[in-house]
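Subject: Structure for your files

Dear colleague,

Here is the structure I promised to send. My notes follow below it; please read them with the model open.

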Amino acid sequence: MQHYRQTWMFASEAGGQLFGTISSDAVSVEIATGPYPGDERSRCRYRSNSKAAQQAIEQQAKNGSLYLGEWHTHAEDRPSASSLDSDAMQRLIANSRLNSSALLMLIVGLKKTADGMALFTVTSDASKQWALSSGD
Ligand SMILES: [Zn+2]
C-alpha cells in the first residue's frame, strides 16, 4: 500500500482488498491485494475491477484467508472518508455474501505516521472510525 501512496501530484488513487483472519480477540489483516488491471482510477476516485476483486477473494479463500474489507489511497495528509466511499461500502455490504456483518475500510493518506491512515468498521447501518497508533 505504501508503494501507491499518492505522493506524486498527478498520481491516481489505488486500492484493493484486505484479507486475514478473525479470532475471538483480534481481527488480523495479513494481506492487501490490488490494484488490478481494469480498475477505475483517477486522482480522487478508485473502484476495483469487480471481476479481479472477486478472483482475489476466491484465491485467498483457498489459502484460508478471509475477505475483511477494502483499502484505497487518498491525496490527503490525514485522509477522511468521502460520502462516495461510504456509499461504495454500503453497496458492497448489501451486494456481497460476507463472512462477517462488518467490513473494514482503510484509507491510506500521504503521511507515513499513524494519522496518515484512516480505518473504519462499516456495517449496514453505521460506520465507526478507529483510533490508530503506531505499534512501536
Ligand atoms: Zn476515498
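His-72 touches Glu-13, Ala-14, Gly-15, Tyr-46, Asp-85, Leu-106, Ile-107 and Val-108, leaving out residues up to four places away in sequence; contact here means heavy atoms within 4.5 Å. This is a predicted model, in which local features need pLDDT of at least 70 and side-chain atom pairs count only at pLDDT 80 or more, while totals for chains, interfaces and linings use all residues. Residues are numbered from 1 along each chain as its sequence is written, and side-chain values use heavy atoms, with hydrogens and water left out.

His-72 lies in strand S5; helices (H or I, at least four residues) and strands (E, at least two) are DSSP runs numbered from the N terminus. His-72 counts as buried because its relative accessibility is 7%. The classes are buried for under 20% relative accessible area, exposed for over 50%, and partly exposed in between, with a 1.4 Å probe and protein chains only. The side chains of His-72 and His-74 are joined by a polar contact of 3.2 Å. A polar contact is a pair of N or O atoms within 3.5 Å; within protein, one must be able to donate a hydrogen and the other to accept it, and residues adjacent in sequence count only if both atoms are side-chain atoms.

Zinc site

The zinc ion is coordinated by NE2 of His-72, NE2 of His-74 and two OD entries of Asp-85, at 2.0 to 2.4 Å. Donors are N, O and S atoms within 2.8 Å of the metal (3.2 Å for Na, K and Ca), and sites may look incomplete, since water is not among the atoms. The spacing of the donor residues in sequence is H-x1-H-x10-D.

The angles among the four donor atoms run from 57 to 152°, and the site is irregular. For reference, four donors count as tetrahedral if all angles lie between 85 and 135 degrees; four count as square planar and six as octahedral if opposite donors are over 155 degrees apart and all others between 65 and 115; anything else is irregular.

Val-108 is placed in strand S6 (residues 103–108). Its relative accessibility is 1%, so Val-108 counts as buried. Val-108 and Tyr-4 are 104 residues apart in sequence, with their C-alpha atoms 8.8 Å apart in space.

Gln-6 is in the segment before strand S1 (15–22). Gln-6 also counts as buried, because its relative accessibility is 1%. Its side chain reaches the backbone nitrogen of Ala-75 at 3.2 Å. Residues touched by Gln-6, beyond four places away in sequence, include Glu-13, Arg-43, Thr-73, His-74 and Leu-110.

Salt bridges

The structure holds two salt bridges, each being a side-chain nitrogen of Lys or Arg within 4 Å of a carboxyl oxygen of Asp or Glu. One is formed by Asp-115 and Arg-78, whose closest N and O atoms are 3.0 Å apart. This pair links distant parts of the chain, 37 residues apart, with Asp-115 in the loop between S6 and strand S7 (117–122) and Arg-78 in the loop between S5 and H2. Lys-111 and Asp-115 also meet in a salt bridge, at 3.4 Å from N to O. Shared partners join Arg-78, Lys-111 and Asp-115 into one network. Arg-78 counts as exposed at 51% relative accessibility, while Asp-115 is partly exposed at 34% and Lys-111 is partly exposed at 29%.

Whole chain

The chain has two helices and eight strands, in the order β-β-β-β-α-β-α-β-β-β along the sequence. Of its 136 residues, 36% are buried. Among contacts with a separation of 6 or more, 60% are between residues 24 or more positions apart. The C-alpha atoms fill a box of roughly 40 × 35 × 30 Å along the principal axes.

Regards
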